[in-house]
Amino acid sequence: MAGHEIPEPKDRKQVADPRSEPRTVEEARHACDPAFRHGVVVGFDGSTSSERALAYAIGMAGRSGSGLIIVHVANRLPTTVWAGCEPPVFVDVPDHRTEVLGLELACADYLSDVPWVLVERGGDICHELEEVGREYSADAIVVGSTHGIVGRIFGSVAGRLARRAQRPVVVIP
């Protein structure tokens, strides 16, 4: 329409600076949804102990009024045997379990009361849980305890995480 201009609102916030440089992939990975800042991170793989940890984390997030960051760490297998000279090379194994877990969680009634997000990572479980906790400035990391001989031989995820984490770690039996 000629002669009519629509004035810009005075309280309008600029979303992106057109003169700014685009972010790298690594910077984009570390950008997280601010709605989940200071949330509760929980490691989840579908096991019984991780289901208990998830139930506790849901309650913890609900009581604190924060979001829930559910982390599934995909499998990585060594391609070489470590002979003590050089570290093994790891290969990411396609893990369709994350898709299945995501569908199960999306259909779960017990998650309807708290905002949540599922994050998939690959690598060392302890490192990835701590990294996600750092990215989201999480108030706590909740994990299930490891039962059995594997945890006794290699050390449990909960024990290793509790020793090295920079934030509170809650271990659910």
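Some ground rules. The model is predicted, so local features need pLDDT of at least 70 and side-chain atom pairs count only at pLDDT 80 or more, while totals for chains, interfaces and linings use all residues. Residues are numbered from 1 along each chain as its sequence is written, and side-chain values use heavy atoms, with hydrogens and water left out.

The overall inventory is six helices and seven strands. Both are DSSP runs numbered from the N terminus: helices are H or I with at least four residues, strands are E with at least two. From the N terminus, the order of elements is α-β-α-β-β-β-α-β-α-β-α-α-β. Of the 173 residues, 34% count as buried. Buried is under 20% relative accessible area, exposed is over 50%, and partly exposed is in between, using a 1.4 Å probe and protein chains only.

Now the sheet. Five strands make an open sheet with parallel pairing, in the order β5-β2-β1-β6-β7. The edges are β5, residues 116-122, and β7, residues 169-172; each has a single partner strand, so one side of each lacks a neighbour in the sheet. On average, neighbouring strands are turned by 25° against each other, direction ignored. Two strands pair if DSSP finds at least two bridges between them.

Going through the pairs, β2 and β5 share seven bridges in the parallel sense, and Ala 74 has Gly 122 in β5 as its bridge partner. The β1 and β2 pair is parallel over four bridges, with Val 42 opposite Ile 70 in β2. At the other end, β6, residues 140-144, pairs with β7 in the parallel sense over four bridges. There, Val 143 is bridged to Val 171 in β7.

How many residues of β2 are buried? Seven of its seven. In a regular strand, side chains alternate between the two faces of the sheet. In β2, Leu 68, Ile 70, His 72 and Ala 74 point one way, Ile 69, Val 71 and Val 73 point the other, and all are buried.

Next, the helices. Helix α2, residues 48-64, lies across β1, β2, β6 and β7, and runs at about 150° to β6. Helix α4, residues 125-135, lies across β1, β2, β5 and β6, at about 135° to β5. Axes here are lines fitted to C-alpha atoms, for helices over the stretch in contact, and angles run from 0 to 180 degrees between N-to-C directions. Contact means heavy atoms within 4.5 Å. The β1, α2 and β2 elements form a right-handed β-α-β unit: with the strands pointing away from the viewer, the path from the first strand over the helix to the second runs clockwise.

Ser 49 is in helix α2 and counts as buried because its relative accessibility is 15%. Apart from neighbours within four places in sequence, Ser 49 contacts Gly 144 and Ser 145. His 127 is in helix α4. Is His 127 buried or partly exposed? At 36% relative accessibility, His 127 is partly exposed. Its C-alpha atom is 9.9 Å from that of Val 157, 30 residues apart along the chain.

Last, contact range: among contacts between residues at least 6 apart in sequence, 70% join residues at least 24 apart.
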